[in-house]
Structure formats: structure tokens, C-alpha cells
Amino acid sequence: MIRVPTVRGNTATRLIAAGGHEQVLFVGDGDVGLRAIIAIHSTALGPSLGGVRFWHYDDDEAALRDALRLSEAMTLKAAMAGLHQGGGKAVVLWDDADRPRPPELLHALGRAIDGLGGRYLAAEDVGATTADMDGLAEVTPWVTGVSESLGGSGDPSPVTAFGVLCSMRAALHARLGKSTVRGRRVMVQGAGHVGSHLARLLAEEGAEVLVADRDPARAERVAAVTGATVVAADDSLTAFCDVLAPCALGGVLTEEVAPQLRCHVVVGAANNQLADRAADVAIARRGILVVPDFVAGAGGIVNIAQEFTGYDRDRAYAETARIEDTTARVLEWARHDGVTPTDAALAMARRRIEEEGADEDGVARRWRPGDPAAWTNGRPLTRLRG
């Protein structure tokens, strides 16, 4: 639940200052059609990490607000996952997310990322592909999720989906007393990269899977492979189910939607699912557990972090499985203190950042180009993969 506050005048600098962001870079290259924003929220725990999102935005302000929200969410996600990274995000104004990006555009974006000297590590996000990451990597070392042939981890979506499944188990145990998804009805909203993999995992575990997507053909393709039941996109949030799994865009859980929800728990991969705090409180009052997306959806960045010491897929899945325990701790904290899981997770994440990310005077550290990283044994970080 990250919301950029409304600021009188809506100026970019005021929005940036209000969110506590360290640095925001506006990128434009008319020759190749590039318009992008790179937001670095925090490097207190290490270099900022976050995906590149190719999306249609109505204007620059909408793109900026999204970049600020998403980068802050990545700070929290890394903190909760126990990683030594901060939060960053890049958004590219791109009218058709399915239209391939030309190499010249990727190279221009890559040069902008390279100029940050490692303060921002790019990864795959909505609209992006492994091929995009490979294109960026042609001009900068500061990119993750490249093809396995290049020493990367490839598409992080399968591991992200696995982490969501692990989080579901903890939420179901807390709410219904049993951690298995077998026999449970799960509504997967969004049949893209993560949603499609999540639907497959759920089906393999014996869940009754419902799937919806704004592109009906995409939902039908996932259903054909998994045996899921297709639900109209407009009906997905209010479908009768045990688990609602938002795996598309954020802001879908609003105060207005809260009375219409017909689920026991909400556990999904989409960033910033809660529109605001009022929605969080309204849903909690109905006895519905909402696992914070920055807890449940951390599998992708856990997977990426394994690249830095030599990628091993088995290790990535083993580390991601810890999301179940993390979710359980968040829900227990929330129960004990009588707060929402979001409030509990925010407190846990911020405490770690304050305790581990401060210098001797208690001031938040900033990672600078040439500084060591947690995995470099005191040596300057000059590249991500050996």
C-alpha cells in the first residue's frame, strides 16, 4: 500500500521530496522515441533493484507517480526479503506493451542506467522480457534477469509465482487452520507472466483455479493448459473464492470494492494492490486477510539476487520458500498488535532499514558507485556477475 501523496502544485520535485526518494532521473531521446523515468527510493541497504516497466501512461505525471510508488514498494520488498538491496524502478512510456522494443531504444535506456554507476540495477517488470534485459546488457553491466546463456537467471516469473504460493499457504493456515491449497478455490486475476505460472502451480497442487484477464484470449490459453475456469475480468475481484490473487496492475483493492469481496484471504503478486489505507482498514474489518504484496511477491528479487554470487536455481527456490515463514511472522505480528498485516509488515521493513541501513550517527546510508556490496567481500562493486 504505497501512495504518493497529493501535493499542492503537483510539481515533480515536491512529489519526489514527499516520498523520501534519493534520486529521480528523467530520460528522453527523441531520435529513438525513448521517454522514461528512473526512480531510486533508497540505497540504505545496498544498490537499488527494480524492474523496467513498459506501459502506456496518459502523461509524464502519471508515469512519475507510478515510478515513485513502485520504487518505494521495492525498498520494502527487499527489506522484508532479507536482501541487501534498496528499491528502484524504471518506467518507460510505451503505448503498446506487446510491441517489441528496438535495439536503439534499449541501448539509449541502458546508457542512462549505466550513468548511475550501479545505484540502480534493472530487472524485468510488466511489459518487459528477457530479450529486453539482454538488450540493456549490451551497453551496461547493471542489469539482472538476462538470459541464462549470459550468466543470468532469465525470466523471474516462475520463482515469483512460487513465492506467492508459499505465502498463500501461510495465509490459509492463519485464516482457516490448514496451509494446503488442495481443494481451495483460487481466483487468479491476471494471466500474464506471473499469473500464468501461478495458475499452473495451483492446479498441480490440486486447487480449483479461476483465471481472468483483460485479454480474454490470454485467459483462455492459461485455462487450456491448467484446466482453470475463465471468469470475466470485470467479475474477478468479486468472484466467490477462498483466495483472491491479484497478479495484474495495482490499485485494484479500493474502499468501494471492500464490501463486495467474497474471499478469505488476498495473496497476489501485483505491486501496490491496495489503493490506500482506507481500503486496507475496510477489508480487514470484514475479517479478510490481505498479505502485503511486498511480502508475497518477493520471489522475483530473491531469484535475481542469486545471480550476484553465481546463479543456482535450486538455491533460488530454497531461498524463496522462506516467504512462507515471513508471511506467518507478519500475520502473527498483526494478530498480536491488533493491526492490519500491511501495518505490521511496514513496521518490520522500516525497522530493518533503520537498524541495518544507518551509519554510526543514525543517518541512512547511500550507496555510491565504487562502494562494496554485501556480496563482494569488501571489494568495490564493478560488475554483477563473475
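In this predicted model, strand 7 and strand 8 (residues 229–230) pair in the parallel sense over two bridges, and across this pairing Leu210 stands opposite Thr229 in strand 8. To get from strand 7 to strand 8, the chain passes through helix 7 (residues 216–226), and this β-α-β crossover is right-handed. Strand 7 has a further parallel pairing, this time with strand 6 (residues 185–189), over five bridges, where Gln189 has Ala212 in strand 7 as its bridge partner. Here too there is a helix to follow, for strand 6, helix 6 (residues 193–204) and strand 7 make a right-handed β-α-β unit. Strand 7 itself (residues 208–212) has four of its five residues buried, so this strand is largely enclosed by the rest of the structure.

In soluble globular proteins, nonpolar side chains tend to be buried together. The largest nonpolar core of this model has 49 residues, and those with the most contacts inside it are Met80, Met168, Val186, Leu198, Leu202 and Val267. Helix 5 (residues 157–176) gives the largest share of this core, namely eight residues.

Another part of the chain forms an open sheet of five strands, whose order is 1-2-4-3-5 and whose pairing is mixed. Strand 1 (23–29) and strand 5 (120–124) stand at the edges with a single partner strand each, so one side of each is left without a neighbour in the sheet. From one strand to the next, the twist averages 20 degrees. Strand 1 pairs with strand 2 (residues 34–42) in the antiparallel sense over seven bridges, and Asp29 has Leu34 in strand 2 as its bridge partner.

Helices also meet this sheet. Helix 2 (residues 60–80) packs on it, touching strand 1, strand 2, strand 3 (48–55) and strand 4 (86–93), and the direction of helix 2 makes about 155 degrees with that of strand 4. Helix 3 (residues 103–114) lies across strand 1, strand 2, strand 3, strand 4 and strand 5, and runs at about 30 degrees to strand 2.

Thr43, in the loop between strand 2 and strand 3, counts as buried because its relative accessibility is 2%, where buried means under 20%. Beyond its neighbours within four places in sequence, Thr43 is in contact with Glu22, Ser48, Arg119, Arg365, Arg366 and Trp367. Leu136, which lies in helix 4 (residues 130–137), is likewise buried, with a relative accessible area of 1%. Its contacts, again leaving aside neighbours within four places in sequence, include Val52, Leu106, Leu109 and Ala122. Leu136 and Ala122 are 14 residues apart in sequence and 8.7 Å apart in space, C-alpha to C-alpha.

At the start of helix 8, a side-chain oxygen of Asp276 reaches to within 3.3 Å of the backbone nitrogen of Ala278, and just after helix 8, Gly287 takes a positive phi of about 80 degrees.

Note on methods. Residues numbered from 1 in each chain as written. Predicted model: local features only at pLDDT ≥ 70, side-chain atom pairs only at ≥ 80, totals over all residues. Heavy atoms only, no water. Core = buried A, V, L, I, M, F, W, Y, C linked by side-chain atoms within 4.5 Å. Buried < 20%, exposed > 50% of the residue type's maximum accessible area, 1.4 Å probe, protein only. Pairing = 2+ DSSP bridges. Axes fitted to C-alpha atoms, helices over the stretch in contact; angles between N-to-C directions. Contact = heavy atoms within 4.5 Å. Polar contact = N/O pair within 3.5 Å; in protein donor to acceptor, adjacent residues only side chain to side chain. Right-handed = clockwise from strand over helix to strand, strands pointing away.
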